[in-house]
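Hi everyone, thanks for coming. Let's take a few minutes to walk through one structure together.

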Amino acid sequence: EKGYETGEHAPGLKLGGCGAYKAAHHIIKTHAKVWHSYNTTWRREQRGMVGISLTSGWGEPVDPHSQTDRDAAERYIQFHLGWFANPIYRGDYPEVMKNYVGRKSAQQGLGTSRLPTFSVQEKTYIKGTSDFLGIGHFTTRYVLQKNFPFLQVSSYHTDHDLAELVDPNWPAPGPKWLYSVPWGFRRLLNFIKTQYGNPLIYVTENGVSETVQCPQLCDEWRIQYLKGYINEILKALNDGVNVKGYTAWSLLDKFEWNKGFSERFGLYHIDFKNKNKPRYPKASVDYYKKIISANGFPNPREVMS
């Protein structure tokens, strides 16, 4: 979407309303081809797994008693996670995506939908092509219905007819898009369990960045973020969600898309101005080490011998 819709990321194309859909269509078909290639050629010998990693926030209705808000929140998830997961686990794009993009394409006088279609053979070929689902998750939004006039220039962002809100009380230690909302993760994981037949899940990305460097590397907010989100994963495990592994994002500060080195997600601080790039542990390193060694939250009453 940022590469083919808004042009913020490489390859920097601004193909409003169609580019992102076309790119995603190719990604899904290519992913399926790789899965089948491994399945027929290498699986018996190597006994490996091939999956896909998808990043999605959680969308919560502003008013849970409002059907329009609940529908908008459902669209939020389907236009993000479902866009890729639904074809792979259920054989086609989400119905709500097909309906909304198709209707808006017709209103614009287009003969066909801007959302491409899979043939019957492609649907069969794509369905089931994931041995596990990788999930990247960082934050949550409140969602409500918002109608965009169809005369506007077509856009992925206006196709789903919704507005995103945040709670000003949510902690926002890093970039303006990343609010700490741990409870959204449990709801996203349960949604995956319900929608896609409880697949094997690996959390491939979950973390928070800082925009202002703390001189003592005292990233207490990252500790609280990790604690909150990992705790919600544990709750999801108790719900019966099939989470197999967790990866904090990320080990080191690194190049972060169009933000360069200014946005730091690392457990380890890197001095990029020094040609040797020395690494320094932030306070979160010691905390995360304890979680790893305990394979969970350490007992605060346990005395270290």
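**The sheet and its helices**

Let's start with the open sheet: four strands in the order β1-β3-β6-β7, paired in parallel. A pair of strands needs at least two DSSP bridges between them. Strands are DSSP runs of E with at least two residues and helices are runs of H or I with at least four, numbered from the N terminus. β1 and β7 (243-246) are at the edges with a single partner strand each, so one side of each has no neighbour in the sheet.

Before going on: this is a predicted model, where local features need pLDDT of at least 70 and side-chain atom pairs count only at pLDDT 80 or more, while totals for chains, interfaces and linings use all residues. Residues are numbered from 1 along each chain as its sequence is written, and side-chain values use heavy atoms, leaving out hydrogens and water.

Now, how many bridges join β1 to β3? Four, and β3 covers residues 133-136. Within β3, Gly 136 is the bridge partner of Thr 55. Helix α3 packs on the sheet and touches β1 and β3; contact means heavy atoms within 4.5 Å.

Next, helix α1, residues 19-41. Why does its length make sense? Its 23 residues at 1.5 Å a residue should span 33 Å, and the end C-alpha atoms are 33 Å apart, which agrees. The expected span is 1.5 Å times one less than the number of residues. Its buried residues (under 20% relative accessible area, 1.4 Å probe, protein chains only) include Tyr 21, His 25 and Trp 35. Among the partners that the buried residues of α1 pack against are β1 (52-55) and α3 (67-90).

Definitions and conventions. Buried means under 20% relative accessible area, exposed over 50%, partly exposed in between (1.4 Å probe, protein chains only). Axes are lines fitted to C-alpha atoms, for helices over the stretch in contact, and angles run from 0 to 180 degrees between N-to-C directions.
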